[in-house]
Amino acid sequence: MTVTITPEKIQVTNESDEVTFDTDDRLFFAADYIVGSLNIPERSTAHRRTYSHTLESCSAEADKIVGVINLDVSGVNIDAGVPGFGWFNAGGTYLHFLDGSNSSQAYPHGEVGRMSTYTFYCEGGNLKCFETTFLNNVNPFNGNILFTQRAFTLHYRIWCGTFDQ
Amino acid sequence: MGLKFRAVKTAGQDAKAAIIEGSDDVLYDPYVDLSRVRCHSDFLYPSFTTTVSGSLTLPSIGADSARYHTYELYEHGIDGHPFVTGRILNHPSSGVHVALEGSVPFSGDSQGFARWLTLGASPTHVILHEQTITRIGVSMPSESFDYVLEISDLTVEDYDTSPPGGAILSITPDRMTLGEGKFDTSKRYLKAVAEEDKNTNFVGGETLVTGADSSLNGALSFEYSNGEYTYRKQFRFGSTPVENLDFTPNTAPVKL
């Protein structure tokens with residue numbers, strides 16, 4: 001490894017002569033590391049809404065997040081979401097619930113009819129979570145069969161930041 | 001304008017160190033002009049220390065069924081849950097590398113039935129959770145893919161904003177540390193690069209949007225996009241899409 005310092009640039013190279021650090025790099029940096037929990041209440045069909053949950057304040061410059069989430073369903077076993085023993089990548093959108101429904105065929109899997117998703121993001125100096133919950137009825141020809149997505153808690157550990165310009 | 005190292009310790013305040021251009025105002029407050037800051041001890045830089053390559057075979061799934069399964073990809077040997085990211089190499093539908101950030105659809109059909117994969121860590125392993133439903137009369141075949149995992153030395157249990165310790169600024173012939181170890185050139189950091197130099201697309205926000213038709217009984221429309229790979233299920237009522245779900249995700253080409 002070598003550290004090279006000139007008036008214009010500082011570089012670090014490894015044993016393979018690959019540059020591992022360069023002051024021209026546009027690094028992701030964060031001013032805030034936010035720890036918290038978001039409680040999602042029970043939601044039942046027919047429920048089709050979006051929610052923008054404002055969680056914490058953060059740097060106004062933050063426009064990207066890096067972090068992890070953990071699902072707590074308080075011991076209730078549900079066929080939805082990631083297992084509670086893990087912490088999962090919080091980038092992009094987390095798909096929590098996915099199921100089928102259909103208006104002309106028998107339950108359950110004629111069409112994708114139920115999804116709930118959660119996206120962590122930074123906007124205007126706040127860490128937010130955008131929730132979409134679309135829980136259609138199952139089969140109108142067999143009666144409106146209600147479905148319930150159980151309440152759960154999303155624990156999060158999020159760096160709010162941006163890339164160097 | 002040349003670069004310079006600056007470090008300061010004021011009584012009653014945390015020490016600061018930075019690589020900056022121009023006047024020292026950005027040492028005391030980097031937000032004065034972020035364009036003159038190359039590295040600053042006020043900031044946090046999520047770091048990665050281990051890269052792992054592997055492949056995974058997903059089993060076939062029968063028609064009209066569901067699968068919820070967690071695969072153990074790599075025994076990380078870290079005390080706690082490390083932060084992990086990664087990418088699917090040469091994703092079969094798109095041919096591009098797809099970041100394993102959030103939930104990623106793998107090998108979906110036009111009706112919206114896909115395997116959704118979410119990357120994480122247990123106390124012992126890097127794990128990948130699959131959530132899949134299959135359509136009436138349509139099974140899913142067994143499929144394989146290659147992946148790369150990037151594992152952080154930061155864990156959920158141990159990480160806070162306090163620095164690991166050490167000098168406010170240290171430069172040796174082969175290493176530079178800054179901010180009492182907050183930044184250490186022996187580690188790797190997430191950086192935005194030119195398109196041709198990237199490992200993958202970093203995802204900074206929404207990758208999946210959902211809509212619905214006007215009835216409460218029909219199918220959903222949804223669209224996944226990581227900037228390069230788009231997977232959509234667009235339900236149509238008659239000949240008209242229910243909703244226009246086209247969106248542009250907040251992404252950046254990155255390299256670790």
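Because the model is predicted, local features are described only at pLDDT of at least 70 and side-chain atom pairs only at pLDDT 80 or more, while totals for chains, interfaces and linings use all residues. Residues are numbered from 1 along each chain as its sequence is written, chains are lettered from A in the order in which they are written, and side-chain values use heavy atoms, with hydrogens and water left out.

## Chain A

Let us begin with the build of chain A. Chain A has zero helices and 13 strands, where helices (H or I, at least four residues) and strands (E, at least two) are DSSP runs numbered from the N terminus. Of its 165 residues, 61% count as buried; buried means under 20% relative accessible area, exposed means over 50%, and partly exposed lies in between (1.4 Å probe, protein chains only). A contact is a pair with heavy atoms within 4.5 Å. Among contacts in chain A between residues at least 6 apart in sequence, 64% join residues at least 24 apart.

Asn70(A) sits in strand 7 (residues 64–72) of chain A and is buried, with a relative accessible area of 8%. What does the side chain of Asn70(A) reach at 2.9 Å? That is the backbone oxygen of Gly84(A), and the backbone oxygen of Gly86(A) is reached at 2.8 Å. Leaving aside neighbours within four places in sequence, Asn70(A) also has Trp87(A), Thr153(A), Leu154(A) and His155(A) among its contacts.

## Where the chains meet

The size of an interface is often given as the accessible area lost when the parts come together. Chain A and chain B bury about 6900 Å² between them, 63% of it on carbon and sulfur atoms; this buried area is the accessible area (1.4 Å probe) that the two parts lose on being put together, summed over both. The contact takes 80 residues from chain A and 80 residues from chain B. Between the chains there are 21 residue pairs in polar contact, both residues at pLDDT 80 or more. A polar contact is a pair of N or O atoms within 3.5 Å; within protein, one must be able to donate a hydrogen and the other to accept it, and residues adjacent in sequence count only if both atoms are side-chain atoms.

## Salt bridges

A salt bridge here is a side-chain nitrogen of Lys or Arg within 4 Å of a carboxyl oxygen of Asp or Glu. By this rule there are 23 salt bridges over all chains, and one of them crosses the interface of chain A and chain B.

| Pair | N to O distance |
|---|---|
| Lys191(B) and Asp25(A) | 3.5 Å |
| Glu131(A) and Arg43(A) | 2.8 Å |
| Lys198(B) and Glu228(B) | 2.9 Å |

In the pair that crosses between chains, are the two partners buried or exposed? Lys191(B) is buried at 12% relative accessibility, and Asp25(A) is buried at 17%. Within chain A, Glu131(A) lies in strand 11 (residues 126–135) and Arg43(A) in strand 5 (residues 43–44), so their pair ties together parts that are 88 residues apart in sequence. Glu131(A) is buried at 0%, and Arg43(A) is buried at 6%. In chain B, Lys198(B) is buried at 18%, whereas Glu228(B) is partly exposed at 34%. Salt bridges that share partners also join Arg67(B), Arg115(B), Glu130(B) and Glu143(B) into one network.

## Details in chain B

Arg87(B) lies in strand 6 of chain B and is buried at 10% relative accessibility. A polar contact of 3.4 Å joins its side chain to that of Glu150(B).

Asn90(B) is in the loop between strand 6 (82–89) and strand 7 (98–99) and is exposed at 52%. Ser107(B) is in the loop between strand 8 (103–106) and strand 9 (115–121) and is buried at 15%.

## Cysteines

Cys160(A) is buried at 0%, and Cys39(B) is buried at 0%.
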